[in-house]
Amino acid sequence: QDHLMESGGGSVQAGGSLRISCAVPPGTHSTIACLAWFRQPPGKEREAVAAQWRGGPSTYYVESVVGRFTVSQDNAGNTFYLEMNKLNPEDTALYLCAANAGAQCYDPAWRNSGSYNHWGQGTQVTVSS
């Protein structure tokens, strides 16, 4: 099974910014329609962060990141980005990208991690105060 590949995580001070990326492997290009970001803070459950139709424009965000995080993708829909601004320590987590064929890419179904059948290994984001 082809896996998505995240990159770009790291450590930043509160108030800073990071952009993380998710590459869609060529073997899954024809089967993926919905791309999402999830995160798993230390010792906590995985939570949905944002999702977007591959090719746009419908986009969804969890309330805690509205106005701070922005999802985007390249023109081919093969790389998916999460721009994170005004980061705070509560944003510290392992960030994972996920994808599915699109049937669940609407609100609120996009928040259900069980609806995604492609996942990356995750990239760590650490925000210090």
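## Disulfides and backbone features of a predicted model

With 70 degrees about the S-S bond, the Cys34–Cys105 link is right-handed. This is a predicted model, in which local features need pLDDT of at least 70, side-chain atom pairs count only at pLDDT 80 or more, and totals for chains, interfaces and linings use all residues. Residues are numbered from 1 along each chain as its sequence is written, and side-chain values use heavy atoms, with hydrogens and water left out. A disulfide is taken as a pair of cysteine sulfur atoms within 2.5 Å, and by this rule there are 2 disulfides.

**Disulfide Cys34–Cys105**

- The sulfur atoms of Cys34 and Cys105 are 2.2 Å apart in this disulfide.
- Cys34 belongs to strand β4 (residues 34-40), while Cys105 sits in the loop between β9 and β10, and the pair links distant parts of the chain, 71 residues apart. Strands (E, at least two residues) and helices (H or I, at least four) are DSSP runs, numbered from the N terminus.
- Cys34 counts as buried, at 0% relative accessibility, and Cys105 is likewise buried, with a relative accessible area of 1%. Buried means under 20% relative accessible area, exposed over 50%, and partly exposed in between (1.4 Å probe, protein chains only).

**Disulfide Cys22–Cys97**

- The sulfur atoms of Cys22 and Cys97 lie 2.1 Å apart and form a disulfide.
- The link of Cys22 and Cys97 is right-handed, with 65 degrees about the S-S bond.
- Cys22 is in strand β3 (residues 18-23) and Cys97 is in strand β9, so this pair ties together parts that are 75 residues apart in sequence.
- Cys22 is buried, with a relative accessible area of 0%; for Cys97, also buried, the value is 0%.

- Counting bonded cysteines along the chain, the disulfides of the protein chain follow the pattern 1-3, 2-4.

**Backbone features in loops**

- The peptide bond from Asp107 to Pro108 is cis, with omega near 5 degrees.
- Pro108 is placed in the loop between β9 (93-100) and β10 (118-119).
- Lys86 is not a glycine, yet Lys86 has a positive phi of about 50 degrees.
- The loop between β8 (79-84) and β9 holds Lys86.
- Lys86 counts as exposed, at 58% relative accessibility.
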